[in-house]
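Please keep the sequence and the structure in view while reading.

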Amino acid sequence: MKHALLAGFAALLWSGAALAQPAAPPAAPERAASPVSAPSSRPELGALPRARLIGQARLTVWGFDIYDARLWAPAPFSADSVAASALALELNYLRNFQAADIAERSLKEMRRSQPVSDAQAALWTAELLRVIPDVRKGDRITAVHRPGQGAAFWVNGRASGEVLDTDFARRFFGIWLSPDTSEPRMREALLAGSGE
């Protein structure tokens, strides 16, 4: 019963993300456009030579911290060319979440830009569940955009799989980077160093 209540609370928090107020993480540099280079402790960024931190933000829902997000990309990088750019979106989780809740919320956000058929939704949900596990506080999930191919996922620095579908990748990264995102202030913070 206790586990079910906690899972329900986590799902409620996640589903309320549209009410979130992104804020800079406590250790954030003064300017989100910092030219900080990709740390060598992030093997998932190895596919992005000369990657730099473009921006960062914290997702907070109803006063509860959900995750810190960081966007990494090689220079030059423009917000206008996200779909054609190699980039990495890193999420450092500040709470525990079930993979099914993450997949459900992700799909809901992916549908914001245009409709998704039931068959496509089932396929993308299965793909998300394949590459994203249950997360615990402190876990890091990084999605690496591979233009023309799809997305590669890493969990705590270890490859967890790829989704070789460019439409999936466009919609997935659009959760945070599309002009249609439910979190425009988070998008603005993540793209702060893009020269947009």
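**Burial, contacts and salt bridges**

S85 counts as buried because its relative accessibility is 11%, where buried means under 20% relative accessible area, exposed over 50% and partly exposed in between (1.4 Å probe, protein chains only). The model is predicted, so local features need pLDDT of at least 70 and side-chain atom pairs count only at pLDDT 80 or more, whereas totals for chains, interfaces and linings use all residues. Residues are numbered from 1 along each chain as its sequence is written, and side-chain values use heavy atoms, with hydrogens and water left out.

S85 is placed in the loop between strand 2 (64-74) and strand 3 (87-93); strands (E, at least two residues) and helices (H or I, at least four) are DSSP runs numbered from the N terminus. Apart from neighbours within four places in sequence, S85 is in contact with F77, H145 and P147, contact meaning heavy atoms within 4.5 Å.

Strand 2 itself contains A73, which is buried, with a relative accessible area of 0%. Beyond the neighbours within four places in sequence, the contacts of A73 are R50, A51, R52, I54, A86 and L87. Between A73 and G55 the C-alpha to C-alpha distance is 9.8 Å, with 18 residues separating the two in sequence.

Attention now turns to charge. Side chains of opposite charge can pair when their charged atoms come close. A salt bridge is taken as a side-chain nitrogen of Lys or Arg within 4 Å of a carboxyl oxygen of Asp or Glu, and by this rule the count comes to 11 salt bridges.

One of them joins the side chains of R42 and E90, at 3.1 Å from N to O. Because R42 lies in the loop between helix 1 (2-15) and strand 1 (51-61) and E90 in strand 3, this pair ties together parts that are 48 residues apart in sequence. R42 counts as buried at 18% relative accessibility, and E90 counts as buried at 1%. R42 and E90 are also linked with R70 in a network of salt bridges.

R140 forms a salt bridge with E44, the closest N and O atoms being 2.8 Å apart. R140 belongs to strand 4 (residues 140-146) and E44 to the loop between helix 1 and strand 1, so parts 96 residues apart in sequence are tied together. Both R140 and E44 are buried.

In a further salt bridge, D68 pairs with R58, with 2.6 Å between the closest N and O atoms. Since D68 lies in strand 2 and R58 in strand 1, the pair ties together parts that are 10 residues apart in sequence. D68 and R58 are both buried.
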